[in-house]
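Please look over the sequence and the structure below before reading on.

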Amino acid sequence: MSLHWFNPPVSVRTGKPGFTYSCNNVEGAARELMGWNNRGPKWDLAVRACMSCLAGDMTPEDVRKAFIAAAEEEGQAARQRLSLWLTPCPARRPRQRASLARRIRQAPGWLHATTR
């Protein structure tokens, strides 16, 4: 059985302080919903949406919307961040590292400033 994917992922807080879970499929959303203590009306709709999607009656995007609404109702919704994957130019990479190393070595009193 394949997973029912949706995009972009929904970030929710976990039980561990400072950790978030980025959910990007219906099965993960259902698993996360089952772990929540407060179960309001939007939680109920999100669980029903997960079951309907698994049965083939709803789309994963509908589940994503219901999951976001339930997370906001529960107070579990994490702030969405824009993720950028930056890849430096391979030709410039060594030169940048070398110049950074020279600046660190040439800075007078650098070692003393960091150890105080």
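How are α2 and α3 oriented to each other, roughly parallel or roughly antiparallel?

## Basis of the report

This is a predicted model, in which local features need pLDDT of at least 70 and side-chain atom pairs count only at pLDDT 80 or more, while totals for chains, interfaces and linings use all residues. Residues are numbered from 1 along each chain as its sequence is written, and side-chain values use heavy atoms, with hydrogens and water left out.

## The pair α2 and α3

The axes of α2 and α3 (lines fitted to C-alpha atoms over the stretch in contact, with angles from 0 to 180 degrees between N-to-C directions) come within 8 Å and cross at roughly 160°. The two helices are therefore roughly antiparallel, a term for angles over 145 degrees. Their contact (heavy atoms within 4.5 Å) involves, among others, Ala49, Cys50 and Cys53 of α2 and Val63, Phe67 and Ala70 of α3.

## Helix α3 and its cover

Helices here are DSSP runs (H or I) of at least four residues, and strands are runs (E) of at least two, numbered from the N terminus. The buried residues of α3 (under 20% relative accessible area, with a 1.4 Å probe and protein chains only) include Val63, Ala66, Phe67 and Glu74, and what covers the buried residues of α3 includes β1, β2, α1 and α2. After α3 comes Gly75, whose phi is positive, near 85°.

Leaving aside neighbours within four places in sequence, Val63 is in contact with Val26, Ala49, Cys50 and Cys53.

Terms used. Buried means under 20% relative accessible area, exposed over 50%, partly exposed in between (1.4 Å probe, protein chains only). Angles under 35 degrees count as roughly parallel, over 145 as roughly antiparallel, 65 to 115 as roughly perpendicular and the rest as oblique.
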